[in-house]
Amino acid sequence: MYDLNGEWDMRIQFLSGEAQHSLRFEQEGDVLSGTYHSQYGAEPLQGNVQGNVVQIQTDIRYEGQGVGYRFEGIINGDEIQGDLDLGEYWQASWKAKKR
């Protein structure tokens with residue numbers, strides 16, 4: 001089992017531009033919780049790990065609006081890479097590296 005506990009730096013590649021975000025994972029078995037940090041502030045996250053596949057969910061809030069971020073990625077050592085589903089706001093790709 002992979003140990004994802006700790007701080008991670010994340011880069012998201014949107015259709016137009018990119019953003020630098022960060023994660024703090026707290027892992028118990030295959031269950032993830034923690035905090036997602038973006039330019040809009042900090043939000044709780046939840047997720048799970050199955051083998052080398054990680055799934056994470058969080059809701060980003062900005063000026064009264066919310067967007068659900070649904071991540072799926074493949075763990076490769078101290079890096080995770082995958083796709084981000086933004087619902088009606090399209091798709092993106094992401095990559096995170098453990099600090």
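R99 is exposed in this predicted model, with a relative accessibility of 57%; the cut-offs are under 20% relative accessible area for buried and over 50% for exposed, with partly exposed in between (1.4 Å probe, protein chains only). The side chain of R99 forms a salt bridge with that of E7 at 3.6 Å, N to O, where a salt bridge is a side-chain nitrogen of Lys or Arg within 4 Å of a carboxyl oxygen of Asp or Glu. Because R99 lies in the segment after β8 and E7 in strand β1, the pair ties together parts that are 92 residues apart in sequence. Strands (E, at least two residues) are DSSP runs numbered from the N terminus. A network of salt bridges links E7, D9, R24 and R99.

Residues are numbered from 1 along each chain as its sequence is written. As the model is predicted, local features need pLDDT of at least 70 and side-chain atom pairs count only at pLDDT 80 or more, whereas totals for chains, interfaces and linings use all residues, and side-chain values use heavy atoms, with hydrogens and water left out. The mean pLDDT (the predictor's confidence in each residue, from 0 to 100) of the protein chain is 94, and 100% of its residues reach 70 or more.

Eight salt bridges are found in a search of the whole structure. One of them joins the side chains of K95 and E79 at 3.8 Å, N to O. This pair links distant parts of the chain, with K95 in strand β8 and E79 in strand β7, 16 residues apart. E79 also meets K97 in a salt bridge of 4.0 Å, N to O. By contrast, E43 in strand β4 is buried yet has no salt bridge; R61, the nearest side chain of opposite charge, is 5.2 Å away. In this count Lys and Arg are positive and Asp and Glu negative, while His and the chain ends are not counted.

H21, in strand β2, is buried at 6% relative accessibility. Its side chain makes polar contacts with those of Y36, at 2.5 Å, and Q39, at 2.8 Å. A polar contact is a pair of N or O atoms within 3.5 Å; within protein, one must be able to donate a hydrogen and the other to accept it, and residues adjacent in sequence count only if both atoms are side-chain atoms.

The largest nonpolar core comprises 22 residues, and Y36 is among those with the most contacts inside it. Such a core is a set of buried Ala, Val, Leu, Ile, Met, Phe, Trp, Tyr and Cys residues joined through side-chain atoms within 4.5 Å.

Terms used. Helix = DSSP H or I, 4+ residues; strand = E, 2+ residues; numbered from the N terminus.
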